[in-house]
Amino acid sequence: MKLTYFLLFLMIGFTNAQTHRFFYELKFKQDSTQTEPLKSFMVLDINPDGSKYYDNVFLEKDSINKANNDKNTNWTKHTPVTRKKNSNENLNFSAIDFQIYSYPTEDLIKWNLSNETKQLAGFTVQKATTNFGGRKWTAWFTKEIPFSEGPYKFKGLPGLIVSIEDSQKQYSFNLIKSKKLAETYDTSNFLEVRYGRKPILITEKIFLKKAMEFYNDPMHEDRENLRNGSSESIDIDGKRYTKASELVPLIKDEQNYIRKYNNPIERNKAIKYPVK
């Protein structure tokens, strides 16, 4: 079934729908030097009061949680964002170690519209470009779906974004399917909570500071527990450690990993981690 035919059902009863859900295939490079991109499937929920963007694995885990009466979920490498209707302020959700933080950012995107059109996924789409997050983006949107929304923080066009890619082909989103839900979908058990804990609301500046603190000592708690005797030993990946000094190689490995996979979608916000 063509995407257009599928979306015909989406638009019937448009005013009564509570959640319009769009699925995007995201291809991305965690390391800007890698040759082949990774792939994830992302969700955009457009609700009466705003929108939510998050990883599809949250939905998969949510189904398992509901079946088992559980509220735990894993996190992912992608930053979920939510925003209220007609607002440019996004609430970002990011994890440091086992703690989720949320922080607001004001993200006004200025688009340059082109007269160029083409057929894509069964739609007539129009070209638009912008500079955002330290990258140059080309988007294709359709007026056939009257939502001024798109994946991640991309919004503000006179129609839904069907496809968007940066000039270096490190991030690309493509709409693959959609569905309409009769009620607003409750994400509180997987987006706003992790391991039973709600995110701590802070500023973006404080979040960046905490991220650097974690990088400088990513095993601080384990080392302290071994030093003060709170733990006699710590098992990590099947190996037992009894001294804080034994964790130093693991710390170096974690720091190398953080530096290597430091290619966020907003490249101008990539933290400049020092070599340790």
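Here are a few friendly notes on the aromatic contacts and strand pairing in this predicted model.

1. Ground rules. Residues are numbered from 1 along each chain as its sequence is written, and side-chain values use heavy atoms, without hydrogens and water. Local features need pLDDT of at least 70 and side-chain atom pairs 80 or more, while totals for chains, interfaces and linings use all residues.

2. Aromatic pairs. The structure holds 16 of them, where rings of Phe, Tyr and Trp (its six-membered ring) pair if their centres lie within 6.5 Å; planes under 30 degrees apart are stacked, over 60 edge-to-face, and the rest tilted. Tyr54 and Phe190 are edge-to-face, at 5.3 Å centre to centre with 65° between the planes. Tyr54 is in strand S3 (residues 50–55) and Phe190 in the loop between S11 (171–181) and S12 (200–201), so this pair ties together parts 136 residues apart in sequence. Strands are DSSP runs of E, at least two residues, numbered from the N terminus.

3. Charges over rings. The charged end of Arg21 sits over the Tyr185 ring, 4.4 Å from its centre, and Lys177 lies over the face of Phe23 at 4.8 Å from the ring centre. The criterion is NZ of Lys or CZ of Arg within 6 Å of the ring centre and within 35 degrees of the ring normal.

4. Strand S11. Ten bridges join S1 (residues 19–28) to S11, running antiparallel; strands pair if DSSP finds at least two bridges between them. S10 (residues 160–166) also pairs with S11 in the antiparallel sense, over three bridges. Asn174 is the bridge partner of Glu25 and of Ser163.

Terms used: Helices (H or I, at least four residues) and strands (E, at least two) are DSSP runs, numbered from the N terminus.
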